[in-house]
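Open the model in your viewer and keep the selection tool ready. Each stop below says what to pick next.

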Amino acid sequence: MARRTPEGPPPPPAVQKLRIRYAKRGRLRFSSTRDFARALERALRRAGVPMAFSAGFHPHPKISYANAAPTGTASEAEYFEISVTERVDPEALRVALDEALPPDLDVLEVVQAGPGSLAERLEGSVWRLEMRGVTLETLSYAVERFLGTTVAEVTRTFKTGPKTFDVRSAVVSMVVTESGDPSCAILQMVVRHTTPSVRPDDILTALHAVSEPEPPLPPLVTRLAQGPLLTAAAGVADPLAADKDAVGS
């Protein structure tokens, strides 16, 4: 039997790949990756971006997402890649796409992709947690107890069922600071990306287990950055730096 083939000519080839950093703020921290994907595709059409599409019976835009933040957390460092069929100016695309997206989904940076994998550069994240209803002393004690352990296991339910895993080994650093409000302490931490991924709520579960610091209100969680780990400096580097260098060379 003859194989079916899609009707019509094949889609135009991609001539350029772009890497994009965007922020998820305000009420849109509750949007999922699927919600963002739908909003992005509408925005790309409104902005007139010459998207490249896959071949086959069900063509879809050539867009890939990298290590999205959990639903309910804000982020200043979300990333995706898009391929286009005509060369575009990255800054012009940034402006057009930012205007086409809803408020609180803000396009911060667009660069032409250089060699290498973006996903492989995302080795760790910097998280900031506003612990409302938790004093500086209480949180400092919890962090001291947590950092003093060698293993801190939590259990989370996945699609395949419950799984118990260690979160302590993923934490590179933790720092507690004041917020200006005595009833709200700030926890900033650098977390290594692992499999399974260790999320901020997993670490909060482990903190609660060692010192009972469960806050009366849900913390406000923001990812400040993600990129290659700088272990000595307890931070992360810019994952788009290599792309900028490649274009500038």
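**Start at M174**

Select M174. Beyond its neighbours within four places in sequence, M174 is in contact (heavy atoms within 4.5 Å) with V143, F146, L147, L187, Q188, M189, I203 and L207.

This is a predicted model: local features need pLDDT of at least 70, side-chain atom pairs count only at pLDDT 80 or more, and totals for chains, interfaces and linings use all residues. Residues are numbered from 1 along each chain as its sequence is written, and side-chain values use heavy atoms, with hydrogens and water left out.

**The core**

With M174, they have the most contacts inside the largest nonpolar core, a set of 26 residues. Such a core joins buried Ala, Val, Leu, Ile, Met, Phe, Trp, Tyr and Cys residues through side-chain atoms within 4.5 Å. Buried means under 20% relative accessible area, exposed over 50% (1.4 Å probe, protein chains only). β5, α4, β8, β9 and α5 each give two or more residues to this core.

**Helix α4**

Select residues 136–147. Helices are DSSP runs of H or I, at least four residues; strands are runs of E, at least two; both are numbered from the N terminus. Which residues of α4 are buried? They are L139, A142, V143 and F146.

**Helix α5**

Move to α5. Its buried residues include I203, L204 and L207.
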